[in-house]
Every structure is written in C-alpha cells, then in structure tokens.
Amino acid sequence: MEIVTVPCLSDNYAYLVKAPEGVCLIDAPEAGPIIEALESRGWELDALLITHHHHDHVGGVAELREKYGCTVYGPKAEKEKLPPLDTAVEGGDTLRIGGTPVEVIFVPGHTLGHVAFHFPEAEAVFTADSLMALGCGRIFEGTPDMMWESLSKLSALPAETLVCSGHEYTTSNARFALTIEPGNEALKLRSDAIAKARTEGRATATCKLSEELATNPFLRPASPEIRDRLGMKDAPDAAVFAEIRARKDSF
Ligand code: ZN
Ligand code: FE
C-alpha cells in the first residue's frame, strides 16, 4: 500500500494511503496541495479521516468533500467542533475503508477527542499531534497522565509500524531530545540523519515505531539516563513523562 506525504500550510503534513479499493486521506490542513497530489497521480479521493478538531487539520475538508464526494470520518467526541461527518468514530472501532481494515485508537491529551488511525495491513499508524517524530503534541486540553496513556497505547503497536505524524517539528524536537538524553547513541545518529534530510528538503515526520521507542524521550521515561538527569530515580513513568513535557513547553 503506497503512502504519500503531502506538505501543507507552513509545517503540516497530510497523508494519502492508496488502499486496495480506494484512496484515503488522513487530515486536510488545506485542499490545494492535496488536490495536486491526487491529480498528479490520477487518483480520486474516497475517504477522509480526521484526527482532531484543530483548524490546521480540517481547513480543507469542506472543499475536498465538495470536489470528490468522499466519505468523512472523525472523532465522535469532537463532533460539534468538526465539519459535518458521515461517520463518527470512537477508540476501539475497526472500520473497513478502501478494502482494508482501519483501527481507531483513542489518544486524548493534545485535544480531548484526538484519535489515531492504524492501518495494520499497511503497517502504518497516523498519529497527527499525539505521538510525533521525536516528540509528542502539546497538551492543550488534556492532562499529562492522559497523554502518557495515549502514548503507551501507541507504543504497544507492532514495532515495525510506521508512525506518520502531523508536523515538521523534528529539528527542534531533536535539539530538545538531546538535552534530555545526551548519551543516547541512537538519538545522536537520528539527529544527524534528520539534519541531513532537512538540508535535502525531505520530510522527517514519519519513522518506524521501533526507532521512536529507542530515541523519542517522551517514550523513554524508563531510561536510567533520563531518570538520573531529572533526579527522578524512583518516580512513576507518568511523572517522568510529565516532567519531560513540562520542560519541552518552556524549551
Ligand atoms: Zn493540533
Ligand atoms: Fe496540528
């Protein structure tokens, strides 16, 4: 199954998935670049999956629905804040879209109704502003405990799953991550690879879950180096996570 990353607005990404029986879009920051990506491949749009209500994820929904008549899915918990949905979804739902199963994972924290979409047959999960490349979304509506639980659910997916997140924030995430776990060799290598990718203009918002688990400080509150640096040797994982998130907020 082909996955196409579509840069939108200043630093957002939408994703197209060419499923066996149709094309799915995850998030619609704006219509223009998505229409271009579809037309250059001769694709129609069959389904549009919304992760959360922020404008930079839904700004293009109305225009795309009008143009393609695609079916629009989005989180039930944010229904009132979203453009009209054809199907309101909840964590635990398994949908069938374009001939492939899509599992809905409830990942609140950034917003209270945020969902991620897992395509097991494509070995990909679309996480928008929950789990992000070397980072996690800012906690606007939820609590650190809530976000930690959401990240824990995503961490339990198969390690070879490709995590596709919503923004090109990786350069500053890498700089921050190195202040939290400077001795992490895998993190140093990834940080160098990110710098190289960005000078070549490549997107860095997708990454294998196994690599996130090895390098993303927000998934690593169990790391002895991190606990040591933060002076939180015996704290619960959720508390270490909360401290890392608080430091990132003022980074
Ligand atoms: Zn957002
Ligand atoms: Fe966003």
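Student: Which residues are buried in helix α1 (residues 31–41)?

Tutor: The model is a predicted one. Buried here means under 20% relative accessible area. In helix α1, the residues that are buried are A31, I34, I35, A37 and L38.

Student: Why do the buried residues lie on the same side of α1?

Tutor: The residues in question are A31, I34, I35, A37 and L38. They are on the same side of α1 because, around the axis, they cover an arc of only 160°.

Student: Which residues are exposed on the other side of α1, and what covers the buried ones?

Tutor: The cover over the buried residues of α1 includes the strands β1 (2–8), β2 (12–19) and β3 (22–26), together with α3 (61–68). On the other side of α1, the exposed residues are E36, E39 and S40.

Student: Which residue follows α1, and what is its phi?

Tutor: The residue after α1 is G42. Its phi is positive, with a value near 70°.

Student: How is the packing of helix α5 (residues 170–180) and helix α9 (residues 237–249) described: parallel, perpendicular or oblique?

Tutor: The axes of α5 and α9 are 11 Å apart, and the helices pack at an angle of about 125°.

Student: What is the handedness of the crossing of α5 and α9, and which residues make the contact?

Tutor: α5 passes α9 in a right-handed crossing. From α9, the contact involves I244, R247 and K248, and from α5 it involves S172, N173, F176 and I180.

Key:
Residues are numbered from 1 along each chain as its sequence is written. Chains are lettered from A and ligands numbered from 1 in the order in which they are written. This is a predicted model: local features need pLDDT of at least 70, side-chain atom pairs count only at pLDDT 80 or more; totals for chains, interfaces and linings use all residues. Side-chain values use heavy atoms; hydrogens and water are left out. Axes are lines fitted to C-alpha atoms, for helices over the stretch in contact, and angles run from 0 to 180 degrees between N-to-C directions. Helices (H or I, at least four residues) and strands (E, at least two) are DSSP runs, numbered from the N terminus. A crossing is left-handed if the near helix is turned anticlockwise from the far one by less than a right angle, and right-handed if clockwise. Contact means heavy atoms within 4.5 Å. Buried means under 20% relative accessible area, exposed over 50%, partly exposed in between (1.4 Å probe, protein chains only). The arc is that of the directions from the helix axis to the C-beta atoms.
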